[in-house]
Amino acid sequence: MKKGLSILILMLVLALAFTTVTAAQDDLKEFDVFISVSLPDYSGSSIVGDIIQKETGVKLNREYLVGDLEQKVGLMIASQDYPDMLVAAHFTDKFVEAGALIPLEDLIDKHAPNIKKYYSKHLDALRKDDGHIYYLPQLAIPFEPAERRYPSVGFFINKRVLEANDYPVIKSFDQYFELIENYQKEHPEYKGQKTIGYTTLFDGWRRFATTNGPMHLMGYPNEGGFVPVKEGGEYVVRPYYGSNVEKYYYKKLNEMYNKGVVDKEAFVSNFDQYLEKISSGRVLGTINQYWQVQQAQEVLINEDPDSIMVPFPVTYDPIVEEHVRDKPYVQTTQGMGITTACEDPVAAIKYLDYLVSLDTQRLIQWGIEGEHYQVDEDGMFYRTEEQLKMFQDPTWVRDVFGRHYFYNAFPSLTGLGPDGNSFMPSRQPSAIYANSSEAEKEVMDAYGVKSFTGLYNKPFEDRKYFPLWTITLPTNSKAQIESTRMTDALVQHIPTLVMDSTEKFETNWDAYTKQINGLMDAQIEHYQKQIDWRMENW
Amino acid sequence: MKKSGDTFWQKLWKQKALVLMSLPFIIYVIIFKYVPLWGWLMAFQNYWPGNSFFNQTWVGLENFRLLLTDPVFFEVLRNTLAMSLIKLLSGMFFSILLALVLNEVRFAKFKKITQTISYLPHFISWVVGANLVMNALSTDGGIVNDVLLNLGIIDSPIMFMGIPKLFWWIVGASHVWKTVGFGAILYLASIVSISPSLYEAAVIDGASRLQRIRYITLPALKPVIIILLIINVGRLMNMGFQQIYLLSNGRVIEYSRIFRIFELDYGLKMMRYSFATTAGIFRSLVSIVLVFSANQIAKMMGEERLI
């Protein structure tokens, strides 16, 4: 009897296992995707993901980035072993050069009405020299751009410093450091730890946070390694490396380093240590793009709201008219493409098209109506206190809700929708001020603005080429080699410029400029050519 | 081929067992060492992976010109050879020294323990090893700085990993730390095989310990040392990629960039496959020259040879 029962159970289990396996294999179409962002592997199920999988019958096998992207891309191209779809950040063009991606324009024309409609403004800029479109950037702005709570880049300063000085308007770099230095002198410790006056990020490719400083001091938004200066109606590419402003910037940092204001460990810390320092609340100032400090800021908002970091468009001289705030633009030089290895490109483009439909975008970014957001009588979306709380938990949003796995690096929409609702909930016009934390509101009130972007001037006039950094340097070109050598020189010299004694600064500066001179001509030439081309064709 | 009446084929047949046994290795060498050599053709092209082999542009010796005129070429060559030599010589010296000392230790337990402790680092991967080294040398609670501070030798911590000229020696020292124990085993084994009668005779003749080392142990080790030297000279250009890659940082790049790192940074990472291949060929050529010269020198000195 006992034996008979166990055999029966065994058979039942086997039968069950068999049916689920076949069911799973039956109707799902699978695509392999390489995605150049770092995320934990997808669990296979989430609120958003389950709905999408049910509606499309498509299952994605995602490979997220582990380690060095440049190396990964190099190996992928050398072995010509491609997934069905891929996105490789600013290296995506390498796959185009290698002939790994298939042209999309006919597929879009025939099978992707949503992409055709919502990407229409960008399709021209997406066309390569050969007239083909090979990939779709993550964010399309089909209608009007939306306002943001934080500007994309700035010199951040701790709220405690602002409070102690009755919320001054910070304009110049000297003033910025004066505030920090004085505050640090009065408060050498915070919660039992040493106060860090100013820190800066110099870890791997993220080091642009530090090296971009002079560009922003000159009042420019992030253009990359060079700035196109408007001269008589033309945009002329000029270097800021080796410029007087750069010298002033590092000299100031060097001086502050020797006074103990600049973090001693700044140049040897990695990104995690940098975030950890800021989220401890003991850092008074740092320069960065907001997305690189966002994680730390979110921790501060929850745990130490008095120490949140507030961005300012600081310049080297108060008379400089700053345009550090950037105009929303679409990154036309990277995106998701379909590879030659994909056996069913039609199904792939249909899947991407499904993702950028209004309904799917609402689902991925807002959620399910009534459950994750409400609609008021004017048709505007909002979230209740309770719903907001859910979405303030980043791990919940990622793992349970599942937004990251269908939004990060996938084609999607941003800005305001046709009905005036922002695609991105945090940029809902009514939400920016209303959904700010108490501490954020306090600062905004003190300066009389409704978002931190309000602390900034208006962006530059419409610069069609914007930004320069989306121009990629062709493989094996002189410009590309120059740029690699340039990076080497920066890595080698900048820590010394800042950390050596002040007497040696001039010598170190000469050594630095000597090395970078002659490493910029081919780069400038290439950027200039591309900018002229963009001005003409976009 | 006619030797003592056997033709080549007769001889082959006689030694068929030997030939069969060596066959797998010959096939292995052909497949993994010789077949890939056709990829060297890439060095004479402007290779781009999207195109088929016959669709590439041929550029002659352009890549070699680029390599030899690269502004950092000599710096890279210097670093490669200097660090390899430091590692080779210091590694051998300390291994032999340790082997000699261990051989003289009469207290067996102490000998065992020392041997085990000294060869343990060999089993740590360089990823872990490099981190241990960097932690030990760190300015923030690193043991070296702490000791120096407490002894009053320095007033403020020294950033060892940030001093370019120190990098070679850090690499050399950490190489010794990691390999000395394991290297000593090899020499110890040779020492053990020396006939005890030689030592006994020396003792009777009144030779001191040092004299026994000088006149018996070292001469007996000479062939092993020379063979190992020849083998390692051939590897000079390839030594220690992992170690140096993991230990180096941007500030010391002038002294830390070796050939293989250069190939990676200025070749593969930039997708200049042809350039990377060219650098690889150059590396192999230098290695061949080095091996043959070492071999020749050994021959002239009337010593054992490899080839």
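**Close-up 1. Helix 6 and helix 8 of chain B.** The axes of helix 6 (residues 126-136) and helix 8 (residues 167-192) of chain B come within 11 Å and cross at roughly 120 degrees. Axes are lines fitted to C-alpha atoms, for helices over the stretch in contact, with angles from 0 to 180 degrees between N-to-C directions. Helices (H or I, at least four residues) and strands (E, at least two) are DSSP runs numbered from the N terminus. Helix 6 and helix 8 of chain B are therefore oblique to each other (under 35 degrees is roughly parallel, over 145 roughly antiparallel, 65 to 115 roughly perpendicular, the rest oblique). Trp126(B), Gly129(B), Leu132(B) and Val133(B) of helix 6 meet Ile170(B), Ser174(B), His175(B), Trp177(B) and Lys178(B) of helix 8, where contact means heavy atoms within 4.5 Å. These residues divide into 5 nonpolar, 3 polar and 1 charged (Ala, Val, Leu, Ile, Met, Phe, Trp, Tyr, Cys and Pro are nonpolar; Asp, Glu, Lys and Arg charged; the others, Gly among them, polar).

The model is predicted: local features need pLDDT of at least 70 and side-chain atom pairs pLDDT 80 or more, while totals for chains, interfaces and linings use all residues. Residues are numbered from 1 along each chain as its sequence is written, chains are lettered from A and ligands numbered from 1 in written order, and side-chain values use heavy atoms, without hydrogens and water.

**Close-up 2. The open sheet 9-12-6-13 of chain A.** This sheet has 4 strands and mixed pairing; two strands pair if DSSP finds at least two bridges between them. Strand 9 (196-199) and strand 13 (309-312) stand at the edges with a single partner strand each, so one side of each lacks a neighbour in the sheet. From one strand to the next, the twist averages 20 degrees. Strand 6 (residues 153-158) runs antiparallel to strand 13 and is joined to it by 4 bridges. Phe155(A) stands opposite Phe312(A) in strand 13.

**Close-up 3. The hairpin of strand 10 and strand 11 of chain A.** Strand 10 (residues 226-231) and strand 11 (residues 234-239) pair in the antiparallel sense over 6 bridges. Glu231(A) has Glu234(A) in strand 11 as its bridge partner. The hairpin has 2 residues between its strands, and Gly232(A) in the turn has a positive phi of about 55 degrees.

**Close-up 4. The open sheet 2-1-3-14-4 of chain A.** The pairing among its 5 strands is mixed. Strand 2 (58-64) and strand 4 (135-136) are at the edges, each with a single partner strand, so one side of each is left without a neighbour in the sheet. Strand 1 (residues 29-35) and strand 3 (residues 85-87) pair in the parallel sense over 3 bridges. Val33(A) stands opposite Met85(A) in strand 3.
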